[in-house]
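My entries follow in the order in which I looked things up.

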Amino acid sequence: MGPFNARLRSLDISLGIGETSRVTGATPTQIRYWEKKQLIHSRRHDANGNKRYSLANITLIVMIKTMLDEGYTLAKASEEIERSHQKADMLHVLISTRLQDIKREATQTVFNFGPLENDPDYDVIAQVTDKAAKLYKQPVKKVAAEDHTDRVVSPF
C-alpha cells in the first residue's frame with residue numbers, strides 16, 4: 001500500500017467553491033464562514049487565485065455539514081471533529097509502531113501487535129471478524145538458527 005498511498009497523496013485533486021458546495025451540500029457562504037473560523041482551509045491553485053478545496057477539506061466540510069444537520073452547534077461540531085482527529089492520530093501511532101503482521105484466515109483477520117511490554121515471551125494478537133474483535137496473548141514464535149554444518153558445497 002505504500003506506493004499507492006504515496007501516489008494518491010501526490011495527486012493534485014481539488015475543487016472550486018461551487019463544485020465543493022454542490023458535492024457537499026454546504027452553501028458557499030457556509031464554506032467561506034468555516035474557512036474564516038479556520039475549521040477548513042483552501043489554497044490558491046492557479047495564478048488567477050481561485051480558491052480550491054482538497055479532498056481532505058471536502059471530507060471535513062461533509063463532516064461539519066452532517067453534524068450541523070444533526071443539530072450540533074458549529075463549536076460543538078468543531079470539538080467533536082478535533083476529538084476524532086486526536087483518536088485517529090493515536091490509532092495511527094499504534095498501528096505504525098506496533099503492528100507487525102496481518103493475516104487473513106477463513107472467517108477472521110489476525111493482527112499481531114508484537115510482544116507484551118511486561119511479558120515479552122508473548123505477542124498481543126487481535127482476532128477480528130465481521131462482528132467482534134478479541135485480544136489474546138500468544139507465545140512468541142522463536143525462529144531456530146539454521147545449522148549449516150551438514151551442508152555440502154558443490155564446486156560446480
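Axes are lines fitted to C-alpha atoms, for helices over the stretch in contact, and angles run from 0 to 180 degrees between N-to-C directions. Helices (H or I, at least four residues) and strands (E, at least two) are DSSP runs, numbered from the N terminus.

**Entry: the model.** I am working with a predicted model, in which local features need pLDDT of at least 70 and side-chain atom pairs count only at pLDDT 80 or more, while totals for chains, interfaces and linings use all residues. Residues are numbered from 1 along each chain as its sequence is written, and side-chain values use heavy atoms, with hydrogens and water left out.

**Entry: inventory.** I found five helices and seven strands in the chain. From the N terminus the elements run α-β-α-α-β-β-α-α-β-β-β-β. I then looked up burial. Buried means under 20% relative accessible area, exposed over 50%, and partly exposed in between (1.4 Å probe, protein chains only). Of the 156 residues of the chain, 22% count as buried. Next came contacts, meaning heavy atoms within 4.5 Å. I took the contacts in the chain with a separation of 6 or more; residues 24 or more positions apart account for 28% of them.

**Entry: α3 against α4.** Two packed helices are described by the angle between their axes and the distance between the axes. I looked up both values. The axes of α3 (residues 28-36) and α4 come within 12 Å and cross at roughly 110°. Angles under 35 degrees count as roughly parallel, over 145 as roughly antiparallel, 65 to 115 as roughly perpendicular and the rest as oblique. Helices α3 and α4 are therefore roughly perpendicular to each other. Gln30, Ile31 and Trp34 of α3 make the contact with Ile61, Ile64, Lys65 and Leu68 of α4. I sorted these residues by class: five are nonpolar, one is polar and one is charged. For the classes, Ala, Val, Leu, Ile, Met, Phe, Trp, Tyr, Cys and Pro count as nonpolar, Asp, Glu, Lys and Arg as charged, and the others, Gly among them, as polar.

**Entry: α2 against α4.** At what angle do the axes of α2 and α4 cross? I read roughly 45° for α2 (residues 17-24) and α4 (residues 55-69), with the axes coming within 10 Å. The two helices are therefore oblique to each other. Their crossing is right-handed. A crossing is left-handed if the near helix is turned anticlockwise from the far one by less than a right angle, and right-handed if clockwise. On the α2 side I listed Thr20, Val23 and Thr24; they meet Ile58, Ile61, Val62 and Lys65 in α4. This contact has four nonpolar, two polar and one charged residues.

**Entry: two single residues.** Is Asn57 buried or exposed? I located Asn57 in helix α4. Its relative accessibility is 13%, so Asn57 counts as buried. Leaving aside neighbours within four places in sequence, Asn57 is in contact with Ile40 and His41. I then turned to Thr27, in the loop between α2 and α3. Thr27 has 36% relative accessibility and therefore counts as partly exposed. Thr27 and Lys65 lie 38 residues apart in sequence and 9.6 Å apart in space, C-alpha to C-alpha.

**Entry: strands β1 to β3.** Strands of a sheet pair through backbone hydrogen bonds, either parallel or antiparallel. Two strands pair if DSSP finds at least two bridges between them. Strands β1 (residues 14-16) and β3 (residues 51-54) pair antiparallel over three bridges. Ser14 has Ser54 in β3 as its bridge partner. Strand β2 (residues 43-44) also pairs with β3 in the antiparallel sense, over two bridges. There I found Arg44 opposite Lys51.

**Entry: the four-stranded sheet.** I traced an open sheet of four strands in the order β4-β5-β6-β7, with antiparallel pairing. β4 (101-104) and β7 (133-139) stand at the edges with a single partner strand each, so one side of each is left without a neighbour in the sheet. The twist averages 25° from one strand to the next.

I then followed the hairpins. Six residues link β5 to β6 in a hairpin, and five bridges join β5 (residues 109-115) to β6 in the antiparallel sense. Val110 has Gln127 in β6 as its bridge partner. Another hairpin joins β6 to β7 through four residues. Strands β6 (residues 122-128) and β7 pair antiparallel over seven bridges. Asp123 stands opposite Gln138 in β7, and Ala126 stands opposite Leu135.
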